Amino acid sequence: AAPADKSTRKGSAMSEFITEKPPTSFWVFSGAALAWNLIGLFIYYNQVTMGPEAMAKLTADQQAFLASTPSWATSAHAIAVTFGVLGSLLLLFRKSWAVPAFVISLLGILVQDVHAFIISDALEVFGGVNALIIPGIVLVIGVALIGYSLSVKKKGWLI
């Protein structure tokens, strides 16, 4: 009998091969990435659709900060979360396009952070150094998603 071949053919004769079946940890990590990015999308949606009642719960400085946020910074936030969700879905579907999607997401994160922490006064408005914790976590996860997707692509888990 011929030895078992671990690779499986996807699509036409010209397509690439998936050489290894990913372990359960791949699915857990990819699912967690999707959940994380869906939470980000939910937060973005709530921020841009915030009604007067929710806005009234913020301080005057926070209201002014949100009202003065330029459209390019809001767009960067939208790009970050949208491409984060897309990258996570592509990862779950084992598509190598997850890598550039996560890169675009990270670029959106960086542009948003440049506005918030370099151009604007988000640190003062949202509570000093503590205001860096969540954006710092977002940045680290953004970088980690790129690293992970590159790693699993090299292992042959993505096509």
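**Figure 1. Packing of helix α1 against helix α7 in the predicted model.** Helix α1 spans residues 24–48 and helix α7 spans residues 133–154. Two packed helices are described by the angle between their axes and the distance between the axes. Here the angle is about 145°, and the axes lie 12 Å apart. The crossing of α1 past α7 is left-handed.

**Figure 2. Residues at the contact of α1 with α7.** From α1, the residues S25, F26, F29, A33, W36 and N37 take part. Their partners in α7 are I137, V138, I141, L145, Y148 and V152. By class, ten residues of this contact are nonpolar and two are polar, while none is charged.

**Figure 3. The largest pocket of the model.** This pocket holds about 990 Å³ of space. Its lining consists of 37 residues, and those nearest the centre of the pocket are I43, Q47, H77, Q112 and I134. At least two lining residues come from each of the helices α1, α3 (60–67), α4 (71–92), α5 (98–119) and α7. The lining comprises 24 nonpolar residues, twelve polar residues and one charged residue.

**Figure 4. R94 in the loop between α4 and α5.** Most residues other than glycine have a negative phi. R94 is not glycine, yet its phi is positive, with a value near 60°. The relative accessible area of R94 is 15%. Because this value is under the 20% cut-off, R94 counts as buried.

Terms used
Residues numbered from 1 in each chain as written. Predicted model: local features only at pLDDT ≥ 70, side-chain atom pairs only at ≥ 80, totals over all residues. Heavy atoms only, no water. Axes fitted to C-alpha atoms, helices over the stretch in contact; angles between N-to-C directions. Helix = DSSP H or I, 4+ residues; strand = E, 2+ residues; numbered from the N terminus. Left-handed = near helix turned anticlockwise from the far one by under 90°. Contact = heavy atoms within 4.5 Å. Nonpolar A, V, L, I, M, F, W, Y, C, P; charged D, E, K, R; others polar. 1 Å grid on protein atoms, 1.4 Å probe; cavity = no way out; pocket = protein on both sides within 12 Å on 5 of 7 lines; lining within 4 Å. Points joined across faces, edges and corners; volume = space filled by probe spheres on them. Buried < 20%, exposed > 50% of the residue type's maximum accessible area, 1.4 Å probe, protein only.
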